[in-house]
Amino acid sequence: MSWVPEPTLNSYLILSAVLFAIGTAGVFLRRNLITILLSIEVMLNAVNLTFVAVDRYLGSVDGQIIVFFVMTVAAAEAATGLAIVIALFRHKESLNPDAFTSLRW
Amino acid sequence: MHALLFWIFAAVAIVASLLVVGQRNPMHSVLLLIGSFGALSGLYVLLGAPFVAAIQIIIYAGAIMVLFLFVVMLLNAASEDPVTGYHARLIGGAGPRRLGAVLSLGLAIELFWALRNLQTAPLASGDQQPPATAVYDIGLRLFQNYAFAFEATSVLILVAMVGAIILARRERA
């Protein structure tokens, strides 16, 4: 398999950067609360990939432990975020973040 | 073999993530994101991190995505609403959206430029293999050096759980 370029640390970092940029673009461009939350998950995963790749480079396990913590925070974020989405949807029957422009109703 | 698998998994992850962002139907987005997580989990195996690969599948694809899927089905909003109203146009119209596109493209270019200027590094400094006892080491460190953070995480999860219940509860009028 010599015709396939061997991946280096840089390949992993560039892949992670591409995924992070895709997630950012999703947050900026989409007008759907659920898709925005999904884009945040994509960004969190890109950062996780960086942690694990650098971990492999340094030969330690600390990065993997931080990935564990990132995942728990992501779970907490998804739970509260989706609860807020449900509460908002009850009030306006809409998932468009631009529908929620008033500070109180 | 490692090289070929890396490029396959990387391609799957990028294409799936692009489709997650590009899809109009949130249901398809969630399912594609599960595919992207599967590819990332394969990359973690290639990086010698089977523990992270396993919790990626169990927690992300298994728990968080099911939560998303549940909410998408509960709300049953198949597509995006059109932008209506003066205030909505002010922040969600074509102009700000174009600005958002420019900003995210700028971020992509900046990241690519920064990483291109790095010197090429091998996958591992020196030629150490990932230790066979990696999961054992993780457990040991998690409950020794990171024990406080671990306990704080459990409090965070508890707070998130209570918060989610209170936020999503139907208010009695």
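Author: Let's begin with a word we will need. A residue is called buried if 20 or more other C-beta atoms lie within 10 Å of its own, exposed if 12 or fewer do, and partly exposed in between. Please also keep in mind that this is a predicted model.

With that in hand, take chain A. Of its 105 residues, 52% count as buried. Chain A has three helices and zero strands, so its pattern along the sequence reads α-α-α. Its C-alpha atoms fill a box of roughly 60 × 30 × 20 Å along the principal axes. The radius of gyration of chain A is 18 Å, whereas a compact globule of 105 residues would have one near 13 Å. Among the contacts in chain A with a separation of 6 or more, 46% are between residues 24 or more positions apart.

Now turn to chain B. Here we find seven helices and, once again, zero strands, following the pattern α-α-α-α-α-α-α. Of the 173 residues of chain B, 24% count as buried. Chain B is divided into domain 1, residues 1-79, and domain 2, residues 131-173. The C-alpha centres of these two domains lie 22 Å apart. Of the contacts in chain B between residues at least 6 apart in sequence, 50% join residues at least 24 apart.

The contact takes 68 residues from chain A and 78 residues from chain B. On the side of chain B that touches chain A, the elements giving two or more residues are α1 (2-22), α2 (26-46), α3 (50-75), α4 (86-92), α5 (94-116), α6 (134-144) and α7 (147-168). The largest share of that side, 12 residues, comes from α3(B). By residue type, the side of chain B that touches chain A divides into 61 nonpolar, 12 polar and five charged residues.

What about the interior? The largest nonpolar core has 65 residues. Those with the most contacts inside this core are A:L19, A:I34, A:L49, A:V52 and B:F68. The elements that give two or more residues to this core are α1 (9-29), α2 (33-58) and α3 (62-92) of chain A, together with α1, α2, α3 and α7 of chain B. The most comes from α2(A), with 12 residues. Domain 1 and domain 2 of chain B each supply at least three residues to this core.

Leaving aside neighbours within four places in sequence, A:L49 is in contact with A:Y12, A:L15, A:S16 and A:L19 in chain A, and with B:L40 and B:L43 in chain B.

Is B:Y60 buried or exposed? B:Y60 has 25 other C-beta atoms within 10 Å, and therefore it counts as buried. Not counting residues up to four places away in sequence, B:Y60 touches A:M71 from the other chain, as well as B:F37 and B:M65. B:Y60 and B:I34 are 26 residues apart in sequence, yet their C-alpha atoms are 8.1 Å apart in space.

Then set B:G42 beside it. This glycine lies in helix α2 of chain B. B:G42 has 19 C-beta neighbours inside 10 Å, so it counts as partly exposed. Beyond the neighbours within four places in sequence, B:G42 is in contact with B:L5 and B:F9.

Finally, a word on confidence. The mean pLDDT of chain A is 88, and 97% of its residues reach 70 or more. Within chain A, the mean is lowest for α1(A), at 89, and highest for α2(A), at 92. For chain B the mean pLDDT is 84, with 83% of residues reaching 70 or more. In chain B, confidence is highest in α7(B), at a mean of 93, and lowest in α4(B), at 56. Where pLDDT is low, the predicted coordinates should not be read in detail. For the model as a whole, the scores are ipTM 0.89 and pTM 0.87.

Technical notes
Residues numbered from 1 in each chain as written. Chains lettered and ligands numbered in written order. Predicted model: local features only at pLDDT ≥ 70, side-chain atom pairs only at ≥ 80, totals over all residues. Contact = placed C-beta atoms within 7 Å. Helix = DSSP H or I, 4+ residues; strand = E, 2+ residues; numbered from the N terminus. Nonpolar A, V, L, I, M, F, W, Y, C, P; charged D, E, K, R; others polar. Rg over C-alpha atoms; globule rule 2.2 N^0.38 Å. Core = buried A, V, L, I, M, F, W, Y, C linked by C-beta atoms within 7 Å. Domains from an automatic or database assignment. pLDDT = per-residue confidence, 0-100.
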